[in-house]
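Please consider the chain shown below, first as a whole and then in two of its local details.

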Amino acid sequence: MSANNLPPASTVVSMLRDNGITSVRLYAPDSAALAALGGTGISVMVGVPNNVLDDLATSAPAAAAWVRTNIQAHPAVSFQYLVVGNEVARGDTRFVVPAMENVQSALAAAGLGGAINVTTSISQATIAVHVPPSAGEFTNESKPFLLPVLQFLERTGAPLLANLYPYFVYTYNAAGDLNLNFMLFTAPGTVVQDGEYGYQNMFDASVDAVHAAVERLGVSGVDVVVSETGWPSAGDEAVSVENARTYNQNLVNHVGKGTPRRPWKVETYVFAMFNENLKENGVEQNWGLFYPTTDRVYPITFILN
């Protein structure tokens, strides 16, 4: 994380367990965090940083060394996903699939091929159409990059990870004149009617739009995991502690129900655990559920009855 004032990894893992959080995303294989997570049973999504994709794409030995150092060295960690790049853009996209192939081969050689899903996470900016969800489509710029990614995932059975933020859809007016209640899960009824399916919130619409965009590229059977979502608590006129609490608590309460088109659990990761003081001033510093002191920014529960 982009902060220099966070509690030690052992404290963070205790916080995860105390709050009933059973899965966590690490954007890089931090050794202290992985050591603290070992033996806890917490599922771990770990990232291959964007700045090493070139090496892993062009060198199978480099990919094997990366897996050996960062995955095999932590046998007590419950790795679930290995995320090859986060929101990779522009010319670097050419490295993603070759790096995924080499990492997948390295995991298989280590006897871990069936245990850890190799995937990548895409930005919301790759989605050109959000509503109606059935018209979901990727941007023309992203389609040449995403098609081979999706074909890899279709072949291996791994899901596509998508970072989806109704907050940004709202602030950038990316889906037309939709009100705040639709973003916060507080709309009293259907806001977007899409054929036989009615949508009461932007989260569901975005998830189903990604599925539609995948299918529009001729790929089927690839699930979508929401690898980031959340709402900032400060830093802009459109945000508040109350809106952040409302969005994230309603999200937690809702994702088990699925979407109108797919009425089963949507695997979802809330961004972020802590406010990050080294990020750009404003919204970017204020996505956390907790302050670095370990105090809550607002009440929220992940333990549902």
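The paragraphs that follow move from the overall fold to one helix pair and then to one residue.

The model is a predicted one. Its chain contains ten helices and eleven strands. The C-alpha trace spans about 55 × 45 × 35 Å along its principal axes. For 305 residues, a compact globule would have a radius of gyration near 19 Å, and the chain agrees with this, having 19 Å. Buried residues account for 50% of the 305 residues. Of the contacts between residues at least 6 apart in sequence, 67% join residues at least 24 apart.

Attention now turns to the helix pair. Two packed helices are described by the angle between their axes and by the distance between those axes. Helix H5, residues 96–109, packs against helix H6, residues 143–156, at an angle of about 20 degrees, and the axes are 9 Å apart. Because angles under 35 degrees count as roughly parallel, H5 is roughly parallel to H6. The crossing of the two helices, H5 and H6, is right-handed. On the H5 side, the contact involves Val96, Val97, Met100, Glu101 and Gln104, which meet Phe145, Pro148, Val149, Phe152, Leu153, Arg155 and Thr156 of H6. The residues of this contact comprise eight nonpolar, two polar and two charged.

The last detail concerns a single residue. His254 belongs to helix H10, which covers residues 241–254. Its relative accessibility is 13%, so His254 counts as buried, the cut-off being under 20%. Apart from its neighbours within four places in sequence, His254 is in contact with Phe185, Asn201, Phe203 and Asp204.

Note on methods: Residues numbered from 1 in each chain as written. Predicted model: local features only at pLDDT ≥ 70, side-chain atom pairs only at ≥ 80, totals over all residues. Heavy atoms only, no water. Axes fitted to C-alpha atoms, helices over the stretch in contact; angles between N-to-C directions. Helix = DSSP H or I, 4+ residues; strand = E, 2+ residues; numbered from the N terminus. Parallel < 35°, antiparallel > 145°, perpendicular 65-115°, else oblique. Left-handed = near helix turned anticlockwise from the far one by under 90°. Contact = heavy atoms within 4.5 Å. Nonpolar A, V, L, I, M, F, W, Y, C, P; charged D, E, K, R; others polar. Buried < 20%, exposed > 50% of the residue type's maximum accessible area, 1.4 Å probe, protein only. Rg over C-alpha atoms; globule rule 2.2 N^0.38 Å.
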